[in-house]
Amino acid sequence: MRAPASTHAPTYGHDADVIIAGAGMAGSTLALALASGGLRPLLVDPQPFEAQLAPTFDGRSSAIAYSSFRQWRAIGAGEALAPHAQRIEQILVTDGRTPGAAARKPLPAFLRFDSSEISGRIEGEPLGYLVENRQIRAALSKAVIDKQIPVIAPMAAKALEVDGGGARLTLSDGRVLSAPLAVSAEGRGSVLRRAAGIGDIGWSYGQSGVVATVRLQRPHEGVAHEYFLPSGPFAILPLTDNRASLVWTESTARGEALRDASPEAFHAHLMRRFGDFLGAVSIEGPTFVYPLSLSLAERMVAPRLALIGDAAHGVHPIAGQGLNLGLKDAAALAEVLVEALRNGEDIGAEAVLERYARWRRFDTVSNALAFDAFVRIFSNDNPLLRLARGAGLAVVNRIAPARRFFMHEAGGGVGDLPKLLRGVNL
């Protein structure tokens with residue numbers, strides 16, 4: 001769906017209504033959401049815009065909640081993404097020393113989520129979608145171009161100054177852009193967050209995520225597998241064309257060793273964890289290794305500045321919710337700003353930004369802490385914790401209302417959802 005034509009011009013004396021530093025997935029989603037509501041965004045990014053479309057840009061795939069995909073449909077990117085989005089129909093969770101589905105019989109600590117249990121309440125949506133990041137970027141970039149949203153790239157944001165009239169963003173070539181509001185979607189190393197004096201708290205997990213794409217001999221049937229092993233979670237996530245994205249958590253030292261291993265050695269290590277339940281497995285493309293850590297900004301807003309995505313919260317990928325939190329930020333911020341515009345308010349005013357921060361603060365912190373607790377509870381071989389978590393998985397698996405709640409939670413269907421996550425246009 002195309003954004004409605006707008007007669008609204010950028011606020012007098014400014015280059016745009018909102019300058020967004022970072023044209024990645026969260027930043028581009030925000031730009032499209034703002035444009036759909038009649039605001040004039042401008043994107044700035046240090047990467048050449050076309051570089052984000054390269055197959056080897058980062059090699060990752062993302063689990064997308066059905067509510068997040070509704071947002072992309074509403075802002076005009078869903079149609080281009082649909083052919084590349086693999087429906088996740090089931091999620092199988094196992095706690096053990098080896099992958100449960102690869103063993104001869106399921107372990108007692110086993111949990112199955114099935115989209116058919118909640119299909120009536122989510123209008124036929126799956127539990128979520130698995131999409132390669134490069135395909136997400138391609139679809140969002142095409143939509144940004146189609147909507148004629150201006151992008152300045154490659155160009156880094158270097159400094160931020162604010163006053164009562166607006167925010168002034170200095171670029172690496174010396175240019176100064178101004179808008180009533182600046183948004184940082186720059187990721188964990190946000191320049192604008194530091195410029196605004198917003199600190200962050202966090203820690204390293206001493207783990208690395210090993211990411212690879214594999215082709216499978218047998219059909220995956222839209223089933224995602226997550227095994228909680230002593231070294232960390234090992235996830236097999238279904239992709240289109242009978243491929244799978246592997247997210248394999250190891251200690252930092254082992255992760256680096258796997259990065260440097262020969263293809264034959266890497267494949268041998270992989271198969272020991274993967275098993276043969278999907279037949280022969282062949283690795284496609286390069287392998288990537290990413291350090292894992294937690295990072296939480298002390299505040300989500302400052303005068304004339306809002307943070308979204310990893311600039312506000314970088315979380316462990318154990319639940320596959322990192323990008324979804326950023327997309328929820330984008331939906332909430334866009335709704336607050338569009339309503340402020342229609343009410344004649346200054347969109348960069350403290351009262352407006354506080355509405356956004358209040359909306360997102362609890363959800364962000366509670367999710368980050370929950371993911372951190374999951375890491376500490378499941379990434380170890382303590383026999384008492386193993387017994388307790390195994391019992392917990394088994395209990396949830398036997399209680400249908402609990403299963404359905406967790407499925408709705410994973411799909412982003414719980415809580416005070418922004419309009420776009422409900423599929424409602426701004």
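This note sets out points on aromatic contacts, strand pairing and helix packing in the structure above.

1. Basis. The model is predicted; local features need pLDDT of at least 70, side-chain atom pairs count only at pLDDT 80 or more, and totals for chains, interfaces and linings use all residues. Residues are numbered from 1 along each chain as its sequence is written, and side-chain values use heavy atoms, with hydrogens and water left out.

2. Aromatic pairs. Rings of Phe, Tyr and Trp (its six-membered ring) are paired if their centres lie within 6.5 Å; planes under 30 degrees apart are stacked, those over 60 edge-to-face and the rest tilted. The count by this rule is eight aromatic pairs. One of them joins phenylalanine 234 and phenylalanine 274 edge-to-face, at 6.5 Å centre to centre and 85° between the planes. This pair links distant parts of the chain, since phenylalanine 234 is in strand β15 (residues 232-239) and phenylalanine 274 is in helix α7 (residues 263-274), 40 residues apart. Helices (H or I, at least four residues) and strands (E, at least two) are DSSP runs, numbered from the N terminus.

3. Burial of this pair. Phenylalanine 234 is buried at a relative accessible area of 1%, and phenylalanine 274 is buried at 0%. Buried denotes under 20% relative accessible area, exposed over 50% and partly exposed in between (1.4 Å probe, protein chains only).

4. A second pair. Tryptophan 248 and phenylalanine 266 form a tilted pair, with 5.5 Å between centres and 50° between the planes. Tryptophan 248 belongs to strand β16 (residues 243-251) and phenylalanine 266 to helix α7, so the pair ties together parts 18 residues apart in sequence. Both tryptophan 248 and phenylalanine 266 are buried. Ring pairs link Tyr227, Phe234, Trp248, Phe266, Phe274 and Phe277 into a cluster.

5. Charge over a ring. Arginine 60 lies over the face of tyrosine 290, 4.1 Å from the ring centre. The criterion is NZ of Lys or CZ of Arg within 6 Å of the ring centre and within 35 degrees of the ring normal.

6. Strand pairing. Strands β5 (residues 90-95) and β6 run antiparallel and are joined by five bridges; pairing requires that DSSP finds at least two bridges between two strands. Valine 93 stands opposite leucine 111 in β6. Strand β6 (residues 110-114) is mostly covered, with four of its five residues buried.

7. Helix packing. Helix α1 (residues 25-36) packs against helix α8 (residues 322-342) at an angle of about 25°, with the axes 9 Å apart. Axes are lines fitted to C-alpha atoms, for helices over the stretch in contact, and angles run from 0 to 180 degrees between N-to-C directions. The helices α1 and α8 are therefore roughly parallel (under 35 degrees; over 145 is roughly antiparallel, 65 to 115 roughly perpendicular and the rest oblique).
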